[in-house]
Amino acid sequence: MKDSKDAVRSVFTPNRRRVLFGLGGVACLAGAAGFGLPLLSAPVRTSAQELSYFRVGAGAPGTPIYELAGLIGGSISNPPGARTCEEGGSCGIPGMIGLAQTSSGSVENLAQLRGKLIESAVAQADIAYLAYTGKDVFKAAGKDVELRAIAGLGRLNVKVIVGPQSAAKSVAGLKGLRVNLGAEKSDNAITARQVLGFHGLTTKRIKPSYLDFPAAAEALAAGEIDAMIVVDALNSRDVTALAASMPLRFLPIEGEPVNKMMKSFGFVASGVIKADTFRNVPDTPTVELVAVWLVPATLDANIAYELTRAVWQEATRKNLDQVSAAGKALDLQLAIAGVSVPFHAGALKYYDEHGVTRFLPAALRADPAAKTN
């Protein structure tokens, strides 16, 4: 197995955490968060320049939520002196600059948002739900009842990957096997535990490991683990590279476990990993969820409305389609379908105006408490 391991290492070293292309100037703005910008509970304003910095908790470079946060930052930015939207320039909010601020992922983003260290955050829908309800890793902190959604933007799915040496045919068949869940306390590990739980498995019924993707890929190639669970973009570049370096099989996520999951979590949807998205992998049933852009309920409703309008301008939507990938273009209907917490009143106003909220569950309609000028 040494040759396979060396091949995998050549693909994923020095590290998979890389800055993705397509963020334009926002990739540079993301770095500004590490150079002394003040951390305040409202958009950071510099009156002399008539600027307002609006930070978006982004996760680590190279991850889908980081790329989405970069696109959001670009869509809402419209600094003084920039060409107007009508002139082919920015269609963002006048005087605002969006900053994609790096973090370890959804959990940290939500903690920073709750602590008023950033103005908004991108997070997986399931992680946002746990924060809102005060469950799992958020149990000690309690419910974050002020959490509100602007939009569901990028699709993610779950891939249960086994190597050629594994005899497992189903997720339930991973009982007693060595399964990598992702870095400990990461978004990936939390979602992986949830998926296993609906198949009757806990971490006591498998042999869990908590490696990041590059280390897990090497371990799978070397036969040191039997499976790895990956939550990533539908056409994950990392999984594409792994499939090119060694034969892989994906275990189906289907049947009653999925029915129970969707009944328990309305934001989870059944999906299919399309044949040949990854080399020699046939159509495989799975579950999908979205990445959600989140703000506090106390954000001014007029600002929330403008944020929603800005992110749904045509140019940004085309870029969001590329992140969503696998031929599934985003639209306003889909933007609200996989959201797991109530919408901000300002965002809801925008969606109401565009006629897409008539089937929205009452639990996801924002309360009227948000501040409005």
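The legends below describe close-up views of a predicted model. Local features are described where pLDDT is at least 70 and side-chain atom pairs count at pLDDT 80 or more, while totals for chains, interfaces and linings use all residues. Residues are numbered from 1 along each chain as its sequence is written, and side-chain values use heavy atoms, with hydrogens and water left out.

**View 1. The largest nonpolar core and a second, separate one.** The largest nonpolar core has 84 residues, where such a core is a set of buried Ala, Val, Leu, Ile, Met, Phe, Trp, Tyr and Cys residues joined through side-chain atoms within 4.5 Å. Buried here means under 20% relative accessible area, with exposed over 50% and partly exposed in between, using a 1.4 Å probe and protein chains only. Strand 5 (residues 147-162) gives the most to this core, with nine residues; helices (H or I, at least four residues) and strands (E, at least two) are DSSP runs numbered from the N terminus. A second, separate core has 19 residues, including Ala-217, Val-239, Leu-248 and Val-281.

**View 2. The surroundings of Leu-174.** Leu-174 is among the residues with the most contacts inside the largest core, a contact being heavy atoms within 4.5 Å. Leaving aside residues up to four places away in sequence, the residues that Leu-174 touches include Val-160, Ala-168, Leu-196 and Leu-251.

**View 3. Pro-64 in helix 3.** Pro-64 belongs to helix 3 (residues 64-76) and is buried, with a relative accessible area of 16%.

**View 4. The aromatic pair of Phe-250 and Phe-278.** The structure holds eight aromatic pairs, counted when ring centres of Phe, Tyr or Trp (its six-membered ring) lie within 6.5 Å, with planes under 30 degrees apart called stacked, over 60 edge-to-face and the rest tilted. The rings of Phe-250 and Phe-278 have centres 5.5 Å apart and planes at 45°, so this pair is tilted. Phe-250 lies in strand 9 (residues 249-251) and Phe-278 in the loop between strand 10 (269-273) and strand 11 (284-296), so the pair ties together parts that are 28 residues apart in sequence.

**View 5. Helix 7 and its ends.** Eight of the nine residues of helix 7 (residues 213-221) are buried, so this helix is largely enclosed by the rest of the structure. At its start, a side-chain oxygen of Asp-212 reaches to within 3.1 Å of the backbone nitrogen of Ala-215, and the helix is followed by Gly-223, whose phi is positive, near 75°.

Key: A polar contact is a pair of N or O atoms within 3.5 Å; within protein, one must be able to donate a hydrogen and the other to accept it, and residues adjacent in sequence count only if both atoms are side-chain atoms.
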